[in-house]
Amino acid sequence: MTTRCGIVALAGLPNVGKSTLLNAILGTPLSMVSPKAQATRLPVTGIRTEAAAQFIFLDLPGLLEPTYLLQRSLRRLALEGVAQADVILHLHPAPDAPAPPLITLVPDLPTLRGKVVPVYTKGDLVSPERRHLLEAEGAVTDSGDAASIAALLQRLEPLLPAGPFRHDPDDIGTQPVRFFVGEYLREGAFMVLDDELPYAFGAEVEEFRDDRSPVYIRATVFVERESQKGIVIGHKGATLRQIGAHARSRLEALIGEPVYLETWVKVLPKWRRSPGALARFGFPLPEAETS
Ligand SMILES: Nc1nc2c(ncn2[C@@H]2O[C@H](COP(=O)(O)OP(=O)(O)OP(=O)(O)O)[C@@H](O)[C@H]2O)c(=O)[nH]1
Ligand SMILES: [Mg+2]
């Protein structure tokens, strides 16, 4: 049997539904999602294997004009993802159609090796007539509608290069559970905190012990100012408990084991603008700013 296998990038502006689409494709909420924009930071890899095709999806940060160092790093990650992909899904919300050409979002990548497929997301938010018209221009998805996801995969399969599978067909991801500790803490922070605070929020796992039950995890949460620390902790620790409880239930669902999650809050002034802090959290620095 000839098999196909390739990298499919989920690209587009922030908040267009990239992570939600990945989760719908995987049938499990692997990637963090939020109604607030700029949720995804480090790319999340999700794998879906069909009988003769393996899709390696890359859920990327939104392509935005960066204004500070962390955002420049996120843009670099998004561009690298787009550049290496065999297929590039250009996601754009159906209510905001038509989508501008992808090149206007990535002028720094004048030639793309992958094939670009326009995908109109949030198809449930437009009328059936409008949806029908958009289907002439690209795929239209509604993350709650399995048929639209199956139709998208069918459209993508012939675009994957022929080749052997690169991952176990049972795998849905490649990143370790400890990576998702930080992701789900941030997802909780995006749910519970308002304004700028979720953007100043970072998390790092200090200890991860899965040789016991419940799995023991100790994580440090970072904010940029003392005043933010007070808000994140909340009255008698209530806010931090809420964020931690969200992360814990997400992790328990992911690994199918009880989890004990301990969180501490530290102030790391201006970490989003600090090359040292970003490198420590695994964010690549833009070329010009590594020295
Ligand atoms: N109605 C509707 N809402 C959707 C759909 N897909 C995503 N959303 C909502 O759109 C918002 C953004 O979704 P995300 O998946 O986090 O978007 P993203 O593109 O990954 O965003 P960033 O990571 O910030 O770039 C969330 O509130 C989702 O629930 C959809 O098919 N229909
Ligand atoms: Mg996202």
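Tutor: Two strands pair if DSSP finds at least two bridges between them; helices (H or I, at least four residues) and strands (E, at least two) are DSSP runs, numbered from the N terminus. This is a predicted model, where local features need pLDDT of at least 70, side-chain atom pairs count only at pLDDT 80 or more, and totals for chains, interfaces and linings use all residues. Residues are numbered from 1 along each chain as written, chains are lettered from A and ligands numbered from 1 in written order, and side-chain values use heavy atoms, without hydrogens or water.

Student: Great, let's start with E3. Which way does E1 run beside E3, and how many bridges join them?

Tutor: Strand E1 (residues 4-12) runs parallel to E3, with 7 bridges joining the two.

Student: How many residues of E3 are buried?

Tutor: In E3 (residues 53-59), 7 of 7 are buried (under 20% relative accessible area with a 1.4 Å probe, protein chains only; exposed is over 50%, partly exposed in between).

Student: Which residues sit on each face, then?

Tutor: Ala53, Phe55, Phe57 and Asp59 are on one side, while Gln54, Ile56 and Leu58 are on the other, and both faces are covered.

Student: Nice. What do the buried residues of H2 pack against?

Tutor: They pack against E1, E3, strand E4 (87-93) and helix H9 (275-280), where contact means heavy atoms within 4.5 Å. The buried set in H2 includes Leu69, Leu70, Leu74, Leu77 and Val82, along with Gln71, Ser73 and Arg75.

Student: New topic, the metal. What coordinates the magnesium ion?

Tutor: The magnesium ion (ligand 2) is coordinated by Ser19 through OG and Thr40 through OG1, at 2.0 to 2.1 Å. Ser19 belongs to helix H1 (residues 18-26) and Thr40 to the loop between H1 and E2, so the pair ties together parts that are 21 residues apart in sequence. Donors here are N, O and S atoms within 2.8 Å of the metal (3.2 Å for Na, K and Ca), and sites may look incomplete because water is not among the atoms.

Student: Are those two, Ser19 and Thr40, buried or exposed?

Tutor: Buried in each case: Ser19 has a relative accessible area of 8%, and Thr40 has 9%.
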